[in-house]
Each structure stands twice: as structure tokens, then as C-alpha cells.
Amino acid sequence: MPDTVKNLELIDMPDMEKARSLINHIGLPHQPRVVMQALRETQKESPDFGRIVQIINSDTAMAAKILKLVNAPAWGLRQHISSISQALALLGIPRFNVLVITSALKEAVVGDDASLHTFWLHSVNVARGTEYILDHQHIFRNFSELIPEQVYLAGLFHDAAVPMIAKRYPLYREFFPFLLRERDRVPEVEFAKLGTYHHTISYILARSWGVAPMISETILSHHENGAVRVPGTMAMAKVSAALQLADYLDLIYQHKIGNITGVDTWPEEEWAETHEETLFQLDLDGAQLSDLIDDFFIFLGQQE
Ligand SMILES: [Fe+2]
Ligand SMILES: [Fe+2]
């Protein structure tokens, strides 16, 4: 068991022991030392910007990947960014941290494996979707303890265990299209095959990468159809609901752009019926849900 996991205080889920033993087999990608050092510096009371830049630049390959990522349209910077210090100055510390974590996580779980493109797009879209939904529904305004950048990480990590498991168990790789197409059956099938769930492993990974406990815990509930596996605060219930909805929105989106085949569609009415509690938490009715879906797809389209 990696030390980063041994020393974590984790929620005691019934499948936790199985999850830990699976991690013993497949390993857990560790957060690169450079990332850890840079994040530690950003969390100081008076962070030293020069030091943060210096730490990131000490790993040239990582710095190059971060620069490539920040110049993607999704980051919304209108000018070309040519240095880490420019990225930090323009994004500010909270967004810069998300940028660094996104780049490192992609490298750790996807690497150069082109077959995981759809998976990674899903992770990023759910991250953006979770933040987008909470903003759209004015939830950040009413729950000041919710920080947009942290909420983004719930989406980014929610399925992060999937490629980790797939690397060790080729059968699970075939399972990935199934995971997207028939997501409602996923927990049952996964439990039968592994004795645990990808959301439990993703939760442990998020905690080991320093994602806030409350945010990480919402990952545990993302296949719960409106309910939560771990009861928590009202703010947490909002994030859980937004994560569940974002997960669904990206399914429709990936279907729309042709990345998921073999199913006709996911009717909104049907989803709304099984996710009454999710919609209630987000203060949405059926008509408002349709509007939100349209708005979110426009938002994604603008960032391509
Ligand atoms: Fe999932
Ligand atoms: Fe997902």
C-alpha cells in the first residue's frame, strides 16, 4: 500500500478493504514531486510567485505540457502564453493550481494512450460541467464554502480510476464503452467483477492528490441516481448533484459528437424521473433542465 494512501483518513465504505487490496495490485499514480512542491508553495500565506515558477520550470517536460495545455481554448486566455510565469500571472493561483493538477493527472492516468481520448474528454467535460451547473444555478453565491476550482476537481477525478484499472485488467478496457453507454448498470457489474467500484478508487486517488475531503467524497456518490453514499453538508449535496448531472450531460454530448455509439439517446424525461433528488438539489424542473443542457452545450462549443 503506497504511503500516500496508508496515511490518509478515508471514509469507511463497505468496499474499502477490497478497494485497498485492488490498489495494492494495480498501484496508484502518485502526484509528481514538482507538483506537490509547487502546490505547497501556493498554499502559503504569502506565496512566492518566483519560487512557484522556478519549481515548475525545474521539470522541463512538465512545464512544456502545462504550456501546451494552457494554450488550449478551454482555458479561455485570448493571448498566446509562452511562459509559466505568464500563465501564473494571468490565471492567478487557484486556476493555476487546477491547470498544473490537470496536466499532471492527464500524464499520470492517460499518458500517450490515444485510445483513452474519449475518457479524458469525459473527465474534463464533467469537471467543467460540475462547475458550470453550480454557477448557472447561483449555488456558489449561496454557499460561500464552495470554491469553483475545487468543484472542478471533483469532475476531473470522478472516473480517474477507470484507465488505472483498465491498464491492469484488459477486460476492463472493453468494459469502458459499456461504462459510458450503460452507466446505470455499472456499479452492479463492477462489484461482481472487482468487489469494489471505480468511484471508490477514484475517491482514494483524489484524496491522495490532495483534493479536499468534502469534494473527494462527492465522487463516491456519482452513480447513485440522486442519492448520496456518504451523507454530508448541504453544500456537499449540491456538488454531488451537479456532478451527477454533469456526468449525464457529457454522455449526451459525447453521443452528439459521435464518440459513443450503439445507443439511440438518453431521454431527458427518463433521466429526470430517476434523478428527482438531483434536480431538487439544483432547483431545476424539466423545462429548466432542457435550457441548462442547451446553455452548457453552447458553452462547450465556444471553448473548442
Ligand atoms: Fe463513473
Ligand atoms: Fe463519468
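**Figure 1. T278, a buried residue in helix 17.** T278 is buried, because 24 other C-beta atoms lie within 10 Å; a residue is called buried if 20 or more other C-beta atoms lie within 10 Å of its own, exposed if 12 or fewer, and partly exposed in between, with C-beta atoms placed from the backbone. The residue T278 belongs to helix 17 (residues 276-281). Helices (H or I, at least four residues) and strands (E, at least two) are DSSP runs, numbered from the N terminus. The C-alpha atoms of T278 and A241 are separated by 4.8 Å, although these residues are 37 residues apart along the chain. The structure is a predicted model, in which local features need pLDDT of at least 70, side-chain atom pairs count only at pLDDT 80 or more, and totals for chains, interfaces and linings use all residues. Residues are numbered from 1 along each chain as its sequence is written, while chains are lettered from A and ligands numbered from 1 in the order in which they are written.

**Figure 2. The protein chain as a whole.** The protein chain contains 18 helices and 0 strands. Its C-alpha atoms fill a box of roughly 50 × 45 × 40 Å, taken along the principal axes. The radius of gyration of the protein chain is 19 Å, which agrees with the value near 19 Å for a compact globule of 304 residues; this radius is taken over C-alpha atoms, and the globule rule is 2.2 Å times the number of residues to the power 0.38. Of the 304 residues, 40% are buried. Among the contacts with a separation of 6 or more, 66% join residues 24 or more positions apart. Two residues are in contact if their C-beta atoms, placed from the backbone, lie within 7 Å.

**Figure 3. Helix 3 against helix 6.** Two packed helices are described by the angle between their axes and the distance between the axes. The axes of helix 3 (residues 33-42) and helix 6 (residues 84-109) come within 11 Å and cross at roughly 170 degrees. Axes are lines fitted to C-alpha atoms, for helices over the stretch in contact, and angles run from 0 to 180 degrees between N-to-C directions. Helix 3 and helix 6 are therefore roughly antiparallel to each other; angles under 35 degrees count as roughly parallel, over 145 as roughly antiparallel, 65 to 115 as roughly perpendicular and the rest as oblique. On helix 3, the residues V35, A38, L39 and T42 meet I93, N97, V100, I101 and A104 of helix 6. By class, this contact has 7 nonpolar, 2 polar and no charged residues. Ala, Val, Leu, Ile, Met, Phe, Trp, Tyr, Cys and Pro count as nonpolar, Asp, Glu, Lys and Arg as charged, and the others, Gly among them, as polar.

Figure 4. The domain assignment divides the protein chain into domain 1 (3-28 + 112-302) and domain 2 (31-109), with bounds that come from an automatic or database domain assignment. The centres of the two domains, taken over C-alpha atoms, are separated by 24 Å. In domain 1, 10 residues are in contact with 11 residues of domain 2. Helix 9 (148-157) and helix 10 (161-168) each supply at least two residues of the side of domain 1 that touches domain 2, and helix 9 gives the most, with 4 residues. The residues of this side of domain 1 divide into 8 nonpolar, 1 polar and 1 charged. Helix 10 is mostly covered, with 6 of its 8 residues buried, namely A161, V162, P163, M164, I165 and A166.

Figure 5. H138 is found in the loop between helix 7 (117-136) and helix 8 (139-142). Phi of H138 is near 55 degrees, a positive value in a residue other than glycine. H138 counts as exposed, because it has 10 C-beta neighbours inside 10 Å. D283 lies in the loop between helix 17 and helix 18 (286-302). D283 is not a glycine, yet its phi is positive, at about 60 degrees. With 12 other C-beta atoms within 10 Å, D283 is exposed.

**Figure 6. W266 and its contacts.** W266 is placed in the loop between helix 15 and helix 16 (268-274). W266 counts as partly exposed, because it has 16 C-beta neighbours inside 10 Å. Leaving aside neighbours within four places in sequence, W266 is in contact with Y248, L251, I252 and W271. W266 and Y248 are 18 residues apart in sequence and 8.5 Å apart in space, C-alpha to C-alpha.
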